[in-house]
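The sequence and structure come before the discussion.

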Amino acid sequence: MVVKNSRICEAKLARCIQSFLLLKVTSFVFGCVILSLPTVAQTETTEPTHVLSLADGSIGYGKLLPNSADGQVTFSVDGFVTPFNFSQSSVRSIRKIPSESEKPAKIENTVWLFRLKDRQQIVGEIKALSADSVVVLTSHSGEMTIPRDQLLRIERNSQSGELVKGVIRADEWKDPNDTKLWKINASRISTSSSGVRLFADYSLPVRSEIRLSLRWTRKPNFAINLGVDTKTPANDARNQWGVPAGHKLPTVGKKRSFASIETWADELAFLRESEDSSMIKNLGQLTGNSCDLTLFLDIKAGLAVAQTSNGQLHKLTVPSNLIAGKLQALEIQNFGGGISIENFEICKWNGQLPIEFAEKTGLVKRNKEGDVQAVVDGWDAESKNWILKTDGESIQLPENELVVGTVSIEASKESPAAETTNEASSAATVNEASTAASVSVMTADGTRLHGSIMKSTNGAIEVKSPTTNSIVTVPVSEVREIMVASALAASPATAAPASSTSPAAAETAKESVKESTTDEKALVATTGLSELRGTLVADMSEAPTTALVWKPLLALNASELDYERSGEIVSAKFLPKEIEPTEPKASSNPQAQPQAGGFLQLFGIAGGAPVNGQAKPAKKKASDVASKDTGSSPQIRFRSGDSAPAKILLINESGVRFESERTSTTFAPDSTIDQIVFRTLKKETITPEQRKRLLTVPRAQQNDPPTHLLISTAGDFLRGRLLEANQQRASIDVRGEILEFPIEEIAEIVWLYNRDWKTPREKTETVVETKPESNLKTTVYAVLGKEQGMAILPKSVVNGEILGKSELLGDSQIKISDLLALYWGPNTSEKARALRSQIYSLTLAQQPRDTGDESGSGANSGSNAHPLVGKPAPEFTLKSLGGESVQLKKLGGQIIVLDFWASWCGPCMQTMPQLEQLMGEFDQTRVKLLAINIQEPKTKIELALKRLNIAPEVLLDVDGEIATAYSANAIPQTVIIDPSGTVSHVFVGGGNQVLNQIRQALKDQLEATRN
Amino acid sequence: MKRYAFVTTILLACFLCAPRAFSQQANNQILQSYVLQGKDTTRLQQELTNKSKVLVEACSEALQLDEGQIEQLRFACRGDIVRVMQEISELDIHTRHIDMQEMGRNQEEMQKIWPLVMPTRSKIDEGLHSKGSLFEKSLKSILSAEQQVSFEKQNQEKQARLIVATTKLTLLEFEKQVPLTADQRNRIIKLVEESRKPKLVSEGMAYYLGIVVLSKLPEEKVREILNEEQFKTFKRTFQNAQRFGGFEW
């Protein structure tokens, strides 16, 4: 049936042929209906260019698009068909992902940095400077006119521009102690736990510019080490002193980095340190709860400079050989409080330091002639000279002679500390990004503008700047960063409206953020590295292409899921909370702050690879999973991975009759059933060895293996062929014996389809498969609990329920509130399969090796060389052919001869009569022969003995375990055990020579016993 | 026998008696006994802060430091104090669960705890701003070349005075066994002044400086100063100290 339907799909989805064929093969082993899950091949997609970070902690990788309305941001998240629109107050930041193919334009000397009030800056060529305005030609937005009174100074541009790392990538950071207490996403790195470390080999350029935005809570106590040796051992050196495992040692004062930032009580220290020297700068008091730092490192020259948000530079110059090693890694240590690194941007640095300058002085720095008390008053475009005004006089200065010059003698409003020269009091001030404007847009060349994003009219990002009172157009490709300066974005918990949006809208956004971050019923859609909190809604479009539409809580619109990309929707309660340093809990319990990651890891159900490159998260608490377990409600589970709560009415060879509230279907064919769970066992009751034995089939049964496994409520297992089960009793055929059990004593019935060999019937049987009947692309897999799920073709979302059709169960409905996860896209079937934790696969017992003709000569019999010789004989208890139990240790005092044999083994059949005849030569009270048959049914054994006309005492090694214990890999094998229970001889093979050796060995034993 | 054992008694007293005296009072017995040595963290921090102030003031006076240098030295000292207090705080977390009585019965476990606590203990004992401290390491970058020469010279002079002082103190102790004349005492001191002097690398070993210096004096010259009985006692008392570590020669 699947074959037919798949053909339809082949026709419809020509590009999916390869995947389809692969799944056809898979279906043979695993099941049938699973094929109905999406099988489309992953189409080639373009790389995301930007990362969106929302106020509720959601992350979206994709593309920044020209916005469609004032005060909004339009962003296309990979994995969703329609771009989302967000109120700009809902956005925390948008950052460009560095691309190797994009190189910054070469910086010319004629490009100047125009510093404006409120930390705005514009990079470009000077075109005009009058009493009213300055005209700047920018590379991205053309000419920009800035009111003169907004301009603070003009300085030679030192922005290097080339971005090496703009987005934090979780997979680049390693937690050496595997504490799982860091939360890492594209937007931030945060923790509220003490005694934790994070390490990343970032291949730091020799000359690098690192921009950090730090936030903290409580009493911060952290260290950020820059330029750490990439070979730094994961653990502190003091661990090598033999400290007991589990003891985490103080790591402070063990510097192995080029430079560090440390909190010292309420101060921030910037230092370089080696074994015998150090250099320290005080970056200021830790006032407020955040600071911005820009660090310039020249590892080769031994220069480290920190620039605080007031513009002040703090230089550390120490010989470059201070620390040996490849200093290209970064390390974050948190010793207390909560820390959040909101921005970790690394650029290549051109070696030019920013100019430290205090505007109030009215100073002009000149290249050759030094400083002069003046202001830059004008620009002579003809002569390309600056016009300086000093003491009422005007002097001209060639363009390239200017280093930096004041335009307006007015201190920057946002940097009061710039007036202070005392290093100790020059604070690493609180992040004072202007709140007058709602967003800060930074371009690739270093231009930073504050304003509000307006509706695009020309396919670019348009920023309305209150400073210039004009609209600045920035091509999307030039946007390096958009930061929302509003308090809403800074702290969801204490959100406040952004100035550019209406109070009502901001309040709504604030509520949305709260709802998004606190609502346990919320869902999170994950596609690739993106994680968007939101909910499934009905597709209200006129021509819906898919029933499932995702609406991020902070988005103004919804989008269809892109079924050509893999994705999953997970209940937010199974994802980690956003680590907000405002309310952290110091805890050493790894479960306190689990990492984001794949759903499979959260449950610890399957060994799937970590999703999204995230660190492996802590396992979900058992109680959370148990709440979604089957409990006392019976479950029917299908080979496809589908399952449904059901009342089981009848089980027979044709299939299972049932009733389920989830579907109108009442019958499932036998070939589709995987398991009936009447009640869940709390824990595994057998050891792995016992399980292996349970699932090992004697070779004699390979053509007629057990088909069912019954697991009792007491945890006992019984394999056989289930004949019938109704609501009272179940009957099962166990090796020809019909046994009956009350249904209330059965916990599970397992269908044993999985086996590592094929029966003749299977080789000739046509696999009956269920047909998928409609568009494979839109089939999704809903995870509803441990071992519970359903592949469904969704039709609509109504009243919090997904209505759709299951290939197995027909019309079905799933409550969204019951969803633990929902998978879609090309890898759905793999994910569904990975959820199966208990797969019962039968294995055929190992084939004993026949010694063949060679053994006839006794050439490889080697009685004394066998490893068992001289060792206590492995104990066993076996049933005899007559049904009696024979225990080896109860035969003590006699010489025991064990003959391992099977009726299919020619040499065995030849040797057995001879061996029996040989035994007649000895006193039967002193020498006892036990013929151990390996894995053959009684009927075959009896037939063989009858044919040979012998009657030795035969013991039944049903599963070959005793043969394995005696290393009977080749038969016949004869083992002689002395009266003390020690193996004295082992003979492999038959023939006269071996028989003579056995005779001699027995004589020797009897002699020794007599003595 | 009593005389013979006086050096070892001091050593033992330092490592065993004091910790035991306070072990019953603390919540974290390991930390209290082996690191804080009976003090609470507030008191220790206060002591370390006071010592730092004195140290910076002494440097300032001796080297004519400017305000910027003084502030940088103070900041380095604050760094040393913050770091050691942080270490103590982390040690507290990692040792508070340990039952000292229980551990006392298990020597193997006891041995495991030493590497955990001793580096911090040594840091406190040796003086927070001694070799290897941020203060000491920062001096190179804070002081001018001239100030560094002066600092080194003053350090040497201070060291020499310390050696003489501790030697006199040690001789006083020695004279409890066998009295010396004033002349003998002066001649030994003169001999010490003329001899090669060790560099003290740890403040905690200052007490033993005199013992070590006396043990290293040329035997024939000491024999010339002392009579036979005095010499025998002198040799017996100090000969073991030749092997003492903690000094740079």
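In chain B, residues 24 or more positions apart account for 72% of the contacts with a separation of 6 or more, two residues being in contact if their C-beta atoms, placed from the backbone, lie within 7 Å. This is a predicted model, in which local features need pLDDT of at least 70 and side-chain atom pairs count only at pLDDT 80 or more, while totals for chains, interfaces and linings use all residues. Residues are numbered from 1 along each chain as its sequence is written, and chains are lettered from A and ligands numbered from 1 in the order in which they are written.

The secondary structure of chain B comes to twelve helices and two strands, where helices (H or I, at least four residues) and strands (E, at least two) are DSSP runs numbered from the N terminus. Of the 249 residues in chain B, 29% are buried; a residue is buried if 20 or more other C-beta atoms lie within 10 Å of its own, exposed if 12 or fewer, and partly exposed in between.

The peptide bond from A:Ile971 to A:Pro972 is cis, with omega near 5°, and A:Pro972 is found in the loop between strand 64 (970-971) and strand 65 (973-977) of chain A.

Helix 10 (residues 906-919) and helix 13 (residues 992-1010) of chain A pack at an angle of about 25°, with their axes 11 Å apart. The two helices, helix 10 and helix 13 of chain A, are therefore roughly parallel to each other, a term for angles under 35 degrees. In this pair, A:Gln914, A:Leu915 and A:Leu918 of helix 10 meet A:Leu995, A:Ile998 and A:Arg999 of helix 13.

Two residues other than glycine have a positive phi, as tabulated here.

| Residue | Phi | C-beta atoms within 10 Å |
|---|---|---|
| A:Ala265 | near 55° | 16 other C-beta atoms |
| A:Lys384 | near 55° | 13 C-beta neighbours |

A:Ala265 lies in the loop between strand 16 (257-264) and strand 17 (267-273) of chain A, whereas A:Lys384 is in the loop between strand 25 (375-380) and strand 26 (385-390) of chain A.

Conventions: Axes are lines fitted to C-alpha atoms, for helices over the stretch in contact, and angles run from 0 to 180 degrees between N-to-C directions. Angles under 35 degrees count as roughly parallel, over 145 as roughly antiparallel, 65 to 115 as roughly perpendicular and the rest as oblique.
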